Amino acid sequence: MKKYDEASVIKSLAEKKCVVDTKMKVISVPRGVLGNGSWGKVDYLCHYCGYTQTWLDNKPASSPVKEDDDDKTLYNKPKRKKDIGNMSVNIKRIEL
């Protein structure tokens with residue numbers, strides 16, 4: 001393949017939080033980090049260079065939930081009022 005070479009692909013994927021083990025030929029990819037170009041590089045390593053792909057768990061460690069004196073939950077989002085009155089819509093009529 002003319003577009004990529006193995007060393008430059010490994011270097012660019014390492015900058016994007018991917019773990020590349022060249023001895024075992026394994027690529028560990030975190031979920032939701034890579035774009036289309038980086039997925040092309042992973043595809044190149046998997047199909048042309050003999051690497052295998054695994055997923056990294058990038059979930060944060062669960063911390064114990066502290067109970068507050070209030071009965072409010074920790075994850076309530078503030079409600080927003082939508083201002084519908086200020087919205088304007090341009091509708092064009094189509095003549096047949």
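This is a predicted model: local features need pLDDT of at least 70, side-chain atom pairs count only at pLDDT 80 or more; totals for chains, interfaces and linings use all residues.
Reader: How many helices and strands does the chain have?

Author: The chain contains two helices and three strands. Along the sequence they follow the pattern α-β-β-α-β.

Reader: And how much of the chain counts as buried?

Author: Of its 96 residues, 18% count as buried. As for contacts between residues at least 6 apart in sequence, 61% join residues at least 24 apart.

Reader: Let us look at α2. What span should its 13 residues have?

Author: At 1.5 Å a residue, α2 should span 18 Å. The C-alpha atoms at its ends are 18 Å apart, which agrees with that expectation.

Reader: Which residues in α2 are buried?

Author: The buried residues in α2 are S38, V42, Y44 and L45. They cover an arc of only 150 degrees around the axis, so they lie on the same side of α2.

Reader: Which residues are exposed on the other side?

Author: On the other side of α2, the exposed residues are N36, H47 and Y48.

Reader: Could we take S38 by itself? Why does it count as buried?

Author: S38 has a relative accessible area of 7%, and buried means under 20%, so S38 counts as buried. S38 belongs to helix α2, which runs over residues 36-48. Setting aside neighbours within four places in sequence, S38 is in contact with L13 and K16.

Reader: What comes just after α2?

Author: Just after α2 there is G50, which takes a positive phi of about 85 degrees.

Reader: There is another serine, S28. Where is it found?

Author: S28 is found in strand β2, which covers residues 26-30.

Reader: Is S28 buried or exposed?

Author: S28 is buried, as its relative accessible area is 13%.

Reader: What does its side chain make a polar contact with?

Author: The side chain of S28 makes a polar contact with the side chain of T54, at 3.0 Å. T54 is also among the residues in contact with S28 when neighbours within four places in sequence are left aside; the others are C18, V19 and L56.

Reader: New topic: how many aromatic pairs are there in the whole structure?

Author: A search of the whole structure finds three aromatic pairs. In one of them, the rings of Y4 and Y44 have centres 5.5 Å apart and planes at 45 degrees, so this pair is tilted. The pair links distant parts of the chain, since Y4 is in the segment before α1 (6-15) and Y44 is in helix α2, 40 residues apart.

Reader: Why give both a distance and an angle?

Author: A pair of aromatic rings is described by the distance of the centres and the angle of the planes.

Reader: Are Y4 and Y44 buried or exposed?

Author: Y4 counts as buried at 18% relative accessibility, and Y44 counts as buried at 9%.

Reader: Which residues do ring pairs link into a cluster?

Author: Ring pairs link Y4, Y44 and Y48 into a cluster. Of these, Y44 is one of the buried residues in α2, whereas Y48 is exposed on the other side of α2.

Key: Residues are numbered from 1 along each chain as its sequence is written. Side-chain values use heavy atoms; hydrogens and water are left out. Helices (H or I, at least four residues) and strands (E, at least two) are DSSP runs, numbered from the N terminus. Buried means under 20% relative accessible area, exposed over 50%, partly exposed in between (1.4 Å probe, protein chains only). A polar contact is a pair of N or O atoms within 3.5 Å; within protein, one must be able to donate a hydrogen and the other to accept it, and residues adjacent in sequence count only if both atoms are side-chain atoms. Contact means heavy atoms within 4.5 Å. Rings of Phe, Tyr and Trp (its six-membered ring) pair if their centres lie within 6.5 Å; planes under 30 degrees apart count as stacked, over 60 as edge-to-face and the rest as tilted. The expected span of a helix is 1.5 Å times one less than its number of residues. The arc is that of the directions from the helix axis to the C-beta atoms.
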